[in-house]
Each structure stands twice: as structure tokens, then as C-alpha cells.
Amino acid sequence: MIPDSNIKRLAIFGSTGSVGVQALEVIEANRDKFSAEILTAHKNHDLLIRQALRLHPNIVVISDGNKYLEVKDALASTDIKVFGGEKALEEAAAMDCYDLMLAAIVGYAGLKPTLKALCNGKTVALANKETLVVAGDIVIQKAVENRVPIIPVDSEHSAIFQCLIGETRNKIEKIILTASGGPFLGRKPNYLVNVKKEHALQHPNWNMGAKISIDSATLMNKGLEMIEAKWLFNLQPGQIQVLIHPQSIIHSMVQFEDGSIKAQMGLPDMKLPIQYALAFPKRIASNFPRYDFKKINTLTFEEPDIRTFRNLALAKEALFKGGNLPCIMNAANELAVFAFLHNRIGFLDMTDVVERTMEKVAFINEPTLDEYFESDGEARNYAADLMHL
């Protein structure tokens with residue numbers, strides 16, 4: 001059967017995570033515009049099976065090989081092809097049955113499939129900021145070499161992307177990334193020392209997965225976004241500013257050399273930037289809730305407290321120094337967040353682990369891809385030893 005050329009074929013890498021689940025809602029609401037050709041998950045095989053039966057993709061991948069037979073058996077009565085194991089993610093990314101990859105795998109694990117998609121000439125809608133944090137220079141180089149766009153999905157980077165439409169020849173003075181401040185805005189270390197994961201997971205504005213919720217609570221998420229923005233928009237570190245904006249209505253801003261500022265606004269709903277990225281360059285109709293200026297009468301802004309939330313200061317250090325330092329920082333942070341979520345360390349301990357790992361692992365100014373992989377492994381081993389994991 002000849003595929004409908006009007007339907008964009010999508011590969012959702014990380015379909016069972018928060019972004020992936022919302023992306024499938026967008027697809028199901030727009031079946032005349034999108035089809036899900038590939039769905040992948042790591043461990044959540046039950047949800048992956050339900051998604052596959054609902055959307056009938058061409059391929060599903062469960063990267064945890066121990067779950068492969070369960071997924072294969074559950075989908076045996078369909079014509080869906082089932083693959084298992086980490087390598088299968090890269091193999092699926094290299095296939096030609098899709099037009100756009102939504103890169104929504106959480107953390108470092110998303111890097112290799114994303115690189116494979118870019119090398120295969122596929123457009124990438126990037127929801128995985130760690131891919132650019134870990135190896136931004138190489139990822140952008142592959143996109144340029146293969147002449148394929150990377151469309152940001154994070155609400156902040158989507159906002160900047162939207163503000164820059166039509167501004168190709170105009171010089172950016174700076175970008176302003178907004179942050180809600182998370183659930184502990186205004187708190188000091190004597191409060192944070194007793195914080196439990198249940199408190200840290202309660203984000204005031206956004207419904208997100210566990211890892212990004214913790215990163216938002218520590219402000220590491222905003223630090224990662226600063227590094228991602230550097231690569232996405234070809235910026236110098238000094239051109240990137242962070243402002244706390246508790247209402248999460250202005251998603252980010254761009255200031256041009258004439259002093260004019262453009263902002264993108266909307267209610268905090270990830271389906272909006274997801275749909276924008278999937279449909280780009282078109283905007284398509286939605287029934288998402290609308291922002292009502294009559295109901296919210298105050299938008300406020302303040303400087304982040306980097307003395308209390310030191311992760312943001314560490315991320316700025318990594319941003320300015322570059323090399324493999326962001327990769328080291330990210331690896332240590334991923335492991336520290338894992339430990340905190342499993343009640344192995346305290347909230348403030350996460351920052352200490354990241355800082356000590358950044359000090360210990362050898363700095364490389366211009367790493368190769370293999371050196372990025374080695375730095376990631378070394379940082380994880382050192383951080384694990386610190387936490388007795």
C-alpha cells in the first residue's frame with residue numbers, strides 16, 4: 001500500500017514517558033496528519049503494549065531485553081514487528097519507515113539513537129536536553145553535515161525557536177530562559193536538608209516525569225537548558241540569562257540588538273510545544289486550554305538564588321568551561337537523582353555529588369565521541385562510589 005504523503009510518519013523514542021504519552025495524545029487527535037510508525041520504551045512494557053495495540057505502529061522496541069518476550073507474545077496476533085535490547089534502539093533509528101523522530105528518551109540513553117537518526121537524514125524533534133548537554137558539538141555537526149533540522153520540544157527552547165522565526169538575519173543580544181523556581185522557590189538550605197522525594201516531585205505548574213521534576217526542584221534542569229540553548233541557537237555563554245517566573249506563562253524570551261524583546265506565552269501545557277514541533281512548519285488547530293489575561297493579573301520575575309540552588313552555578317561553570325565538563329556533570333547528576341529517588345541520599349547531597357565528580361574526573365577540552373562516552377562512564381563510576389551504590 002502506498003503511504004499517504006500528507007501524513008507525517010513519526011518515531012516516538014520514549015513513548016511511555018511523560019512527553020511520549022502526551023505526544024501520542026496529539027497523534028490520536030490528529031490521525032489525518034500523523035501516524036506512529038515506531039514506539040520505544042525501556043522497562044514499561046505494559047504501557048508499551050497498550051500503546052501498540054491502540055496506535056498499530058510498524059515497529060516497537062523494548063530496550064530492556066528481559067521484557068522482550070512478554071511484548072512479543074502480547075503482540076503476536078498483530079503484524080507489528082517487535083525488537084528488544086539497547087542496540088535495537090539504534091537499529092530502529094536507522095530505518096527509513098519514518099519522517100521525524102521525537103527524541104523523548106530520558107537522559108544520556110537518548111544520545112546514540114538521536115545521532116543515528118541525524119546520520120540517517122531524519123528530522124529530530126528534541127525533547128531530550130541531555131543529548132546536547134553531553135555531546136552538543138558532535139550532535140550539531142551531524143545535523144549540519146546531513147542538512148537536517150533539530151526542532152526543540154522543551155517549552156523554553158520551543159519558545160525561543162518560535163520567537164526567532166523570521167529573524168534569521170537579525171542579531172541576538174541575549175536569550176532569557178524562564179524558570180518556575182520549582183516547589184522550593186524562596187526556601188533556604190536549612191529547609192531543603194529535610195526535603196523528601198514526595199515533596200520534590202510536586203511541581204507547582206508542570207506535569208512531568210520523576211527525573212525532570214527533581215531537576216526542576218534543584219534548578220539543574222535550567223542549567224541543562226542553558227547548555228542546550230548554547231548549541232541549538234549558536235550562542236555564547238554570556239548571551240544566556242535565567243529568570244525565575246513563578247507563573248510559567250512566558251516560556252522564554254529573545255532580546256535583539258536593537259533592545260526589542262520577543263516572548264512566547266501560553267499556559268504550562270507540554271502538548272502545545274510537542275504539537276508545534278511535530279507539525280512544524282505549520283500550526284494546527286487544537287482544543288488545548290487558552291490563557292486568559294482577565295484571570296491572571298500578575299506576572300513576576302526575579303533572579304535565581306544560586307547560593308541555595310548551587311546546581312545552577314555548577315551548570316554555568318560547565319557552560320562556560322565547555323569540553324567534557326557538561327558531560328561529566330550530567331552523568332553525576334543522573335546518578336545522584338536516581339539515588340535520591342531511591343532514598344539513598346538527601347536533597348542537598350545531590351549537588352555535593354555533582355560538584356565533587358566535576359572536580360575529580362579529568363577535563364578534556366575537545367573530546368571525541370568516544371571520549372565523551374568514556375567521560376560519562378568514569379563520572380558515573382566515581383559518583384556511584386561516593387554514594388556507595
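The axes of α14 and α15 come within 9 Å and cross at roughly 150°. The structure is a predicted model, in which local features need pLDDT of at least 70, side-chain atom pairs count only at pLDDT 80 or more, and totals for chains, interfaces and linings use all residues. Residues are numbered from 1 along each chain as its sequence is written, and side-chain values use heavy atoms, with hydrogens and water left out. Helices (H or I, at least four residues) and strands (E, at least two) are DSSP runs, numbered from the N terminus.

Two packed helices are described by the angle between their axes and the distance between the axes. The axes are lines fitted to C-alpha atoms, for helices over the stretch in contact, and angles run from 0 to 180 degrees between N-to-C directions. Angles under 35 degrees count as roughly parallel, over 145 as roughly antiparallel, 65 to 115 as roughly perpendicular and the rest as oblique. On this scale, α14 and α15 are therefore roughly antiparallel to each other. Their crossing is right-handed; a crossing has this hand if the near helix is turned clockwise from the far one by less than a right angle, and is left-handed if anticlockwise. From α14, the contact (heavy atoms within 4.5 Å) draws on Leu325, Ile328, Met329, Ala332, Asn333, Ala336, Val337 and Phe340. From α15, Met350, Val353, Val354, Thr357 and Met358 take part.

Helix α15 itself comprises twelve residues, 349-360, and reaches 17 Å from its first C-alpha to its last, close to the 16 Å expected at 1.5 Å a residue. The expected span is 1.5 Å times one less than the number of residues. Buried residues (under 20% relative accessible area; exposed is over 50%, partly exposed in between, with a 1.4 Å probe and protein chains only) in α15 are Met350, Thr351, Val353, Val354, Thr357 and Met358. Seen down the axis, these buried residues fall within an arc of 160°, so they line one face of the helix. The arc is that of the directions from the helix axis to the C-beta atoms. Glu359 and Lys360 are exposed on the face turned away from the buried side of α15. The buried residues of α15 pack against α10 (210-218), α11 (220-232), α13 (310-321), α14 (325-341) and α16 (369-386).

Helix α16 shows a one-sided arrangement as well. Its end C-alpha atoms are 26 Å apart, which agrees with the 26 Å that its 18 residues should span at 1.5 Å a residue. Tyr372, Ser375, Asp376, Ala379, Arg380, Ala383 and Ala384 are the buried residues of α16. They cover an arc of only 160° around the axis, which puts them on the same side of α16. Asp370, Glu374, Asn381 and Asp385 are exposed on the other side of α16. The packing partners of the buried residues in α16 are α6, α14 and α15. In the segment after α16 lies His388, whose phi is positive, about 55°, although it is not a glycine. His388 counts as exposed, at 67% relative accessibility.

Helix α6 (residues 130-145) also packs on α14: their axes come within 8 Å and cross at roughly 150°. That makes α6 roughly antiparallel to α14. The crossing of α6 and α14 is left-handed. Here Glu130, Val133 and Val134 of α6 meet Pro326, Cys327, Asn330 and Glu334 of α14.

Helix α7 (residues 155-164) is mostly covered, with ten of its ten residues buried. Among its buried residues are Glu156, His157 and Gln162. The buried residues of α7 pack against β7 (150-152), β8 (172-179), α11, β10, β11 and α12. After α7 comes Gly166, with a positive phi near 85°.

Several loop positions complete the account. Met270, in the loop between β11 (261-265) and α12 (271-279), is buried, with a relative accessible area of 10%. Met270 and Ser18 are 252 residues apart in sequence and 9.2 Å apart in space, C-alpha to C-alpha. The loop between α12 and α13 holds Pro281, and the peptide bond from Phe280 to Pro281 is cis, with omega near 15°. Ser248, in the loop between β9 (240-244) and β10 (250-256), has a positive phi near 55° in a residue other than glycine. Ser248 is buried, with a relative accessible area of 5%.
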